[in-house]
Amino acid sequence: MLEVIHLSKKYGKTLAVDDVGFTVPDEKIGILLGPNGAGKSTVIKSIAGLLRFKGVIRIQSLDSRTIEAKRHFAYVPEIPYMYDALTVREHIEFICRAYGVSPSEEEVKALFDRFELSDKQDKLGNELSKGMMQKVSICCALIIKPKVILLDEPMVGLDPAAIKELKAQILALKESGCTILISTHMLEMVKELWDVTFVMDKGRVLGTYTKDSLAHEDLEELYFTVTKQAKQPAAEGR
């Protein structure tokens, strides 16, 4: 489970996130939506432990700042970062040592095969395309078998085969009991994945919606309906 409770963050005098709260239950896929400047990136970086913030974030009921919580958590950033002097294989080994996990050779091979990285294992980080870097980043997150995973625009830069495989992996994670939060603008890519969505604008969560509660409206229609309604009072006041 991932819990965000009364999360606020200021940059100087600018309030980027204002008392945001939401929960992604176990075995559910949550989607974080919002236009540019809505505060999504600040929420994501706070969950990932990259920013100081006010409020509470819990991972599997543990404070997100603790080592115990971090052992359950994996993060796939929007812009992947690779170590120039490490090979693809060494990136996986580095992550495994950092998290204290020991996957079998068969598990590593299966992951590389699924993301078409088997013939790229000896390539250095600075030799990879953005798409390849994204695949390695995803593999590094999956290899630790997280209980909670955060994916920020995970399908940007991936080819159709990799997108298909990533979707399958996300659903497999859900079936295994993992909690998943995805932040994305590519609504078509996640329309068959999500269970609950959180729509943000101007630093606040405008609403929380479950797929079961929507009779006919799809994710894209919901997003535009909610954000348009939020802007309507300001338009009428002009």
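Leaving aside its neighbours within four places in sequence, which residues is F94 in contact with? F94 is in contact with Y83 and L86, where contact means heavy atoms within 4.5 Å.

The views show a predicted model, in which local features need pLDDT of at least 70 and side-chain atom pairs count only at pLDDT 80 or more, while totals for chains, interfaces and linings use all residues. Residues are numbered from 1 along each chain as its sequence is written, and side-chain values use heavy atoms, with hydrogens and water left out.

**View 1. A nonpolar surface patch formed by Y81, Y83 and F94.** Together these residues have about 360 Å² of accessible area, calculated by the Shrake-Rupley method with a 1.4 Å probe, with only the protein chains shown counting as cover for residues. Patches consist of residues with over 30% relative accessible area and no salt bridge, like charges being joined within 9 Å and nonpolar side chains (Val, Leu, Ile, Met, Phe, Trp, Tyr) within 5 Å. F94 has a relative accessible area of 41% and is therefore partly exposed, the class between buried (under 20%) and exposed (over 50%), with a 1.4 Å probe and protein chains only. The C-alpha atoms of F94 and M82, which are 12 residues apart along the chain, are separated by 12 Å.

**View 2. Helix α3 (residues 88-99), in which F94 is found.** Helices (H or I, at least four residues) and strands (E, at least two) are DSSP runs, numbered from the N terminus. The end C-alpha atoms of α3 are 17 Å apart, which agrees with the 16 Å that its 12 residues should span at 1.5 Å a residue, the expected span being 1.5 Å times one less than the number of residues. V88, R89, H91, I92, I95 and C96 are the buried residues of α3. They cover an arc of only 160 degrees around the axis, so they lie on the same side of α3; the arc is that of the directions from the helix axis to the C-beta atoms. Their cover includes α4 (105-114) and α5 (130-142). Just after α3, G100 takes a positive phi of about 70 degrees.

**View 3. A salt bridge between E116 and K135.** The closest N and O atoms of this pair are 3.7 Å apart. The pair links distant parts of the chain, with E116 in the loop between α4 and α5 and K135 in helix α5, 19 residues apart. E116 is partly exposed at a relative accessible area of 46%, whereas K135, at 3% relative accessibility, counts as buried.

**View 4. Helix α6 (residues 160-175) and its cover.** The 16 residues of α6 reach 23 Å from first C-alpha to last, close to the 22 Å expected at 1.5 Å a residue. Among its buried residues are A162, I163, L166, I170 and L173. The cover of the buried residues of α6 includes β3 (29-33), β7 (148-152), β8 (179-183) and α7 (187-190).

How values were computed:
Salt bridge = Lys/Arg side-chain N within 4 Å of Asp/Glu carboxyl O.
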